[in-house]
Amino acid sequence: MDEGLSALINNNNKLLEEFMVYLEVERNLSKHTLRAYTADIEHFLYWLKELEVSQVNTNTIRLYLSQIQVFNYSKTTIARKIAALRTFYRFLYRERIIEYNPVDNIRSPKKPKKLPSFLNEDEVEQIFNIIEPNSATNARNRAIIEVLYACGMRISELCGLNYGNLNLEENEITVFGKGSKERIVLISERAKKYLNLYLEKFRSIYALKNEYINENTPVFINNTGYRLNPRSVNKFLEKISCELSINKRISPHVFRHSFATKLLEKGADLRIVQELLGHASISNTQIYTHVSTERLKQAYSKAHPRAK
C-alpha cells in the first residue's frame, strides 16, 4: 500500500475513534445511535478513498448522497446518514481540523408522517385476559404487559429495570431512557398488583441459586435466572398476536403508543405526556394528538347524521 494512502487511512481511523468517544462521553448518545453513526461515518470515509476529510465540500457530500441512492435507502435512513455527517463535521470544526461544515447546507429529506399503531381498551383487555398469572412465566409476562401499558416505558427501559429503580410505595419507577437520561414514570395500582405478585411469589422460581437481591439485581429474568432480553418479550407478544383475532401487530412499542394515546384522549397535558414518555422534543409527542384527532373524525363520521 502507498505510504500516503496508509497514513490517510490511519488518520481517518484515529478521527473516527475520537468521534466515537465524543458521541459516547460528551453527547451521551444511546448505544443504538452510536453504532448507527459510527457505521455511517465508516462507510463515508471508505467512500472518500484518497480524499482527506478536510478537502470535502458541499458538492462532495451531495455526490456521496446521490451515489448511495443505488442502495434504495428509506428517507429515514438517508436523514440519519446526513445527521451523522453533520455531527461528524461539527466535531471536526470544533477540533479546528476544518474551517467550515460542508453539511450545514444539506437538507434532510422529509420523513413520511406515519400515525403510530395503538390498541383500544377492549383489545388491551383481550391481551391481558389471555395470560393467566398461574405460573412463573405467565406471572412475569402478565406483569410485563401491565407495566408497559401503565407506564409507557420503552422495552429497553423495562428490561433494564433493577430493584433499586422501584419505589412502589410511592407508585414510582425510575427508568433510564435514550442517552441514559433518567426520568420517573408512574405505575397504576393494578399494574403494581401484578408486578408484586411476580416479585413476591414467582420470580424466585427462576432466580439463580444463592441470589442476593440488592439495588442492582434485575427485576425481570429469564428461565435461567439472568436478565430478560427484549427479544424474549417480542417473542411472547408475537405468540399472543397469533392466538388472538386482533388484526394488529402487538409489540412493546404498541403498548407505549397506546399509553400515550389514551392519556391524551382523557385530557392529559401534552407536556406531561412528553415527560412521561421521555421525549427530548415535544414534536415527537405531538404525533399522538394526530391519532386522537383521527379517532374523533372517525367517531364523527359514524355518529353524525349529516357527516357524509
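This is a walk through the structure above, stop by stop, with what to select in your viewer.

**Before you start**

The model is predicted, so local features need pLDDT of at least 70 and side-chain atom pairs count only at pLDDT 80 or more, while totals for chains, interfaces and linings use all residues. Residues are numbered from 1 along each chain as its sequence is written, and side-chain values use heavy atoms, with hydrogens and water left out.

**The whole chain**

Start with a cartoon view. The protein chain has 13 helices and three strands; helices (H or I, at least four residues) and strands (E, at least two) are DSSP runs, numbered from the N terminus. Now colour by accessibility: of the 308 residues, 44% are buried. Buried here means under 20% relative accessible area, exposed means over 50%, and partly exposed is in between (1.4 Å probe, protein chains only). As for contacts (heavy atoms within 4.5 Å), take those with a separation of 6 or more: 59% of them are between residues 24 or more positions apart.

**Stop 1: the largest core**

Select Ile127, Met153, Leu158, Ile173, Leu195, Phe220 and Phe255. These have the most contacts inside the largest nonpolar core, which has 45 residues. A nonpolar core is a set of buried Ala, Val, Leu, Ile, Met, Phe, Trp, Tyr and Cys residues joined through side-chain atoms within 4.5 Å. Elements giving two or more residues to this core are α5 (121-129), α6 (136-151), α7 (155-159), β2 (172-176), α8 (189-206), α9 (230-243) and α10.

Which element gives the largest share? That is α6, with ten residues.

Centre on Ile173 next and show what surrounds it. Beyond its neighbours within four places in sequence, Ile173 is in contact with residues including Cys151, Met153, Leu161, Leu166, Ile184 and Ile187. Arg183 and Asn165 are also among the contacts of Ile173.

There is a second, separate core of 28 residues, and Phe44, Ile61, Leu65 and Leu92 are among its members.

**Stop 2: helix α6**

Select 136-151. Of the 16 residues in α6, 14 are buried, so the helix is mostly covered. Step just past the end of α6 and you reach Gly152, which takes a positive phi of about 70 degrees.

**Stop 3: Asp40 and its two partners**

By the rule used here (a side-chain nitrogen of Lys or Arg within 4 Å of a carboxyl oxygen of Asp or Glu), the count comes to 16 salt bridges. Asp40 forms one with Arg80, the closest N and O atoms being 2.8 Å apart. This pair links distant parts of the chain: Asp40 is in helix α2 (residues 31-48) and Arg80 is in helix α4 (residues 75-94), 40 residues apart.

Asp40 forms another salt bridge with Lys81, at 2.9 Å between the closest N and O atoms. Here the partners, again in α2 and α4, are 41 residues apart.

Buried or exposed: what are Asp40 and Lys81? Both are buried, with Asp40 at 4% relative accessibility and Lys81 at 6%. Arg80, at 31%, counts as partly exposed. Leaving aside neighbours within four places in sequence, Lys81 is in contact with Asp40, Ile68 and Tyr73.

**Stop 4**

Select Lys262 and Glu265. Their side chains meet in a salt bridge (3.2 Å, N to O). Both lie in α10 (residues 252-265), three residues apart, about one turn of the helix. An α-helix has 3.6 residues a turn, so residues three or four places apart point the same way. Lys262 is buried, at 18% relative accessible area, and Glu265 is partly exposed, at 31%.

**Stop 4: helix α11**

Finish at residues 270-277. In α11, the residues Leu270, Val273, Gln274, Leu276 and Leu277 are buried. Look down the axis: the buried residues fall within an arc of 165 degrees, so they line one face of the helix. That arc is taken from the directions from the helix axis to the C-beta atoms. Turned away from the buried side are the exposed residues Arg271 and Glu275. Just after α11, Gly278 takes a positive phi of about 80 degrees.
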